[in-house]
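The sequence and structure are shown first.

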Amino acid sequence: INAEYMGHFLSVYFFSIILLMSDTSSNTSDSRGIIRVTTKRPVFSYIPLCKGMFQEGIDEVQLTGYGLAINSVITLSELLKNQNVARIKNIVTSLTELDESNRKASLPKIQVFVVKATEGRSRRNR
């Protein structure tokens with residue numbers, strides 16, 4: 001592995017740690033239907049949060065994760081789908097540009113948009 005690649009990897013890794021450290025439990029959701037998934041909380045802890053948003057009348061919930069939390073977002077969306085809580089509507093991936101001390105780095109981001117699963121729909125029909 002060359003030094004330039006390793007430097008880029010480390011800067012992205014440390015930025016994702018900074019994002020995780022700055023995220024608090026009370027900041028994982030807001031009234032617009034966005035859930036910010038991190039690696040600090042178990043994936044299963046986000047399921048009641050999403051169910052609650054649907055019960056409050058929010059039609060679409062956005063599951064968002066950066067860096068190392070991308071796997072958690074994917075797992076969460078599949079759990080919601082398999083439990084017939086939600087249906088995956090759209091998936092968006094992107095790179096967020098960072099400017100750290102005159103060095104540019106990119107942090108991967110995923111957004112999974114889910115909508116409430118329709119009543120009476122069986123798992124086989126998804």
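L80 touches I47, C50, L63, V85 and A86, leaving aside residues up to four places away in sequence; contact means heavy atoms within 4.5 Å. The model is predicted: local features need pLDDT of at least 70 and side-chain atom pairs count only at pLDDT 80 or more, whereas totals for chains, interfaces and linings use all residues. Residues are numbered from 1 along each chain as its sequence is written, and side-chain values use heavy atoms, with hydrogens and water left out.

The largest nonpolar core comprises 21 residues, and I35, V61, L63, L76, L80 and V114 have the most contacts inside it. At least two residues of this core come from each of α2, β3, α3 and β5 (103-116). Such a core is a set of buried Ala, Val, Leu, Ile, Met, Phe, Trp, Tyr and Cys residues joined through side-chain atoms within 4.5 Å. Helices (H or I, at least four residues) and strands (E, at least two) are DSSP runs, numbered from the N terminus.

S72 lies in helix α3 (residues 70-82) and is buried, at a relative accessible area of 12%. Buried means under 20% relative accessible area (1.4 Å probe, protein chains only), exposed over 50%, and partly exposed in between. Beyond four places in sequence, S72 touches V37, T38, T39 and V43.

I58 belongs to the loop between α2 (46-55) and β3 (60-66) and is buried, with a relative accessible area of 17%. Its C-alpha atom is 8.8 Å from that of K116, 58 residues apart along the chain.

## Ring interactions

The charged end of R41 sits over the ring of Y46, 4.8 Å from its centre. This term requires NZ of Lys or CZ of Arg within 6 Å of the ring centre and within 35 degrees of the ring normal.
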